Amino acid sequence: MSSPETEPEPDSGVAAKADATGLVDALPAVAPQLRALRRRASLTLEAAARSAGLSPAHLSRLETGQRQPSLPMLLALARIYGTTVSELLGETVADRDAVVRAADMEPTAAGGWTYWQAGASGRGMQALRVHVPYGSQGDIVRVHPGEEWLHVLKGRLRLRLGDATHRLAPGDSAHFDSLTPHRIAALDQDGVELLFVHTLLQSPTATLCLGPTPGETP
C-alpha cells in the first residue's frame, strides 16, 4: 500500500475511474479551497505538508490542481485545517440536508475501499457506509484525535485496537478513542460492509496518520 507521499501519478485509466467517482470534477473547487483554508489556519505550506505526511512540493501540486487528492488525504487535511471535507470540496451550509437518500449516495473509491456518504454534509460528525475488500489496507495504522463508531452490516471484520484484536460479526459494533492506534481488515473473501461515524475535531493540530507506524511490523 503506497503512503500518501508516494502515491503514483494516475494514468489515463485511473483518471477515468476517478472521474466516475466525481473526484476529478471536484478538482477546480478543491485546489483553491486547499490553499485558502491552509492560510486561514495560519499554516505555512511546509508545516501543513509535514502534518499531513506529504512533501511541500506534493501539497503545492494539490493546491494548484496538478495532483488529485484521495479521500484519505482530504480527511487528513480537513482535520489539520480545522474544517470538514465538505468545506474542502466547496460545499456551503445551504447545501446541507437532514435526509440523505439512497439514490444520492454516490460511491467514492480510495485506497481500495469504497465509501458512500451516509450523513448530511458540513456537520461535526461524518457518517459513511464503507465496503472494505479482503486484503485491502489491513496493514495501515490510523491514529488521530476524536472518536469512531462502526457497525458491521455484512461480512466479518478484524479490528485491532492497540495490542488487542477483535473479530466482529454482522450486528456487532465498536466505539473507541481514535487516538488508540487501530487497523481494520475484512476476514471474508467477499469483504465487509459497515457503517462508520467519526468526529471531525475543529483543531488545526489534528492529524490523521495513514500507513504503518515507523519501525512496526504489520
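**Notes on the predicted model**

1. Arg38 has its place in helix H2. Helices (H or I, at least four residues) and strands (E, at least two) are DSSP runs, numbered from the N terminus. The model is a predicted one, in which local features need pLDDT of at least 70 and side-chain atom pairs count only at pLDDT 80 or more, while totals for chains, interfaces and linings use all residues. Residues are numbered from 1 along each chain as its sequence is written, and side-chain values use heavy atoms, with hydrogens and water left out.

2. Is Arg38 buried or exposed? With a relative accessibility of 8%, Arg38 counts as buried; the term means under 20% relative accessible area, with exposed over 50% and partly exposed in between (1.4 Å probe, protein chains only). Apart from its neighbours within four places in sequence, Arg38 is in contact with Leu43, Thr44, Leu45, Ala48, Leu59, Glu63 and Tyr81. Contact here means heavy atoms within 4.5 Å.

3. The structure contains three salt bridges, a salt bridge being a side-chain nitrogen of Lys or Arg within 4 Å of a carboxyl oxygen of Asp or Glu. One of them joins the side chains of Arg38 and Glu63, at 2.6 Å from N to O. Since Arg38 lies in helix H2 (residues 23–40) and Glu63 in helix H4, the pair ties together parts that are 25 residues apart in sequence. Glu63, at 4% relative accessibility, also counts as buried, as Arg38 does at 8%.

4. Ala36 is likewise placed in helix H2, but at 41% relative accessibility Ala36 counts as partly exposed.

5. Which residues of helix H4 (residues 56–63) are buried? They are His58, Leu59, Leu62 and Glu63. Viewed down the axis of H4, these buried residues fall within an arc of 140°, so they line one face of the helix; the arc is that of the directions from the helix axis to the C-beta atoms. An α-helix has 3.6 residues a turn, so residues three or four places apart point the same way. After H4 comes Gly65, which has a positive phi near 80°.

6. Helix H3 (residues 45–52) has Leu45, Ala47, Ala48, Ala49 and Ala52 buried. Leu45 and Ala48 are also among the contacts of Arg38. Gly53 follows H3 and has a positive phi, near 75°.

7. Turning to the strands, S2 (residues 113–117) and S3 run antiparallel and are joined by four bridges; two strands pair if DSSP finds at least two bridges between them. Within this pairing, Tyr115 stands opposite Val130 in S3. S3 is also joined to S9, again in the antiparallel sense, by eight bridges. Ala127 has Val197 of S9 as its bridge partner.

8. A second salt bridge is that of Glu193 with Arg129, whose closest N and O atoms are 3.0 Å apart. This pair links distant parts of the chain, with Glu193 in strand S9 (residues 192–199) and Arg129 in strand S3 (residues 125–132), 64 residues apart. Glu193 is partly exposed at 22% relative accessibility, and Arg129 is partly exposed at 21%. Arg129 also lies over the face of Trp116, 4.1 Å from the ring centre; a charge sits over a ring if NZ of Lys or CZ of Arg is within 6 Å of the ring centre and within 35 degrees of the ring normal.

9. How many aromatic pairs does a search of the whole structure find? The search finds one. Trp113 and Tyr115 form this pair, which is tilted, at 6.1 Å centre to centre and 35° between the planes. Rings of Phe, Tyr and Trp (its six-membered ring) pair if their centres lie within 6.5 Å, and planes under 30 degrees apart count as stacked, over 60 as edge-to-face and the rest as tilted. Trp113 and Tyr115 are both buried.

10. Strands S5 (residues 157–161) and S6 (residues 164–168) pair in the antiparallel sense over five bridges. Leu159 has His166 in S6 as its bridge partner. The hairpin has two residues between the strands, and in it Gly162 takes a positive phi near 60°.
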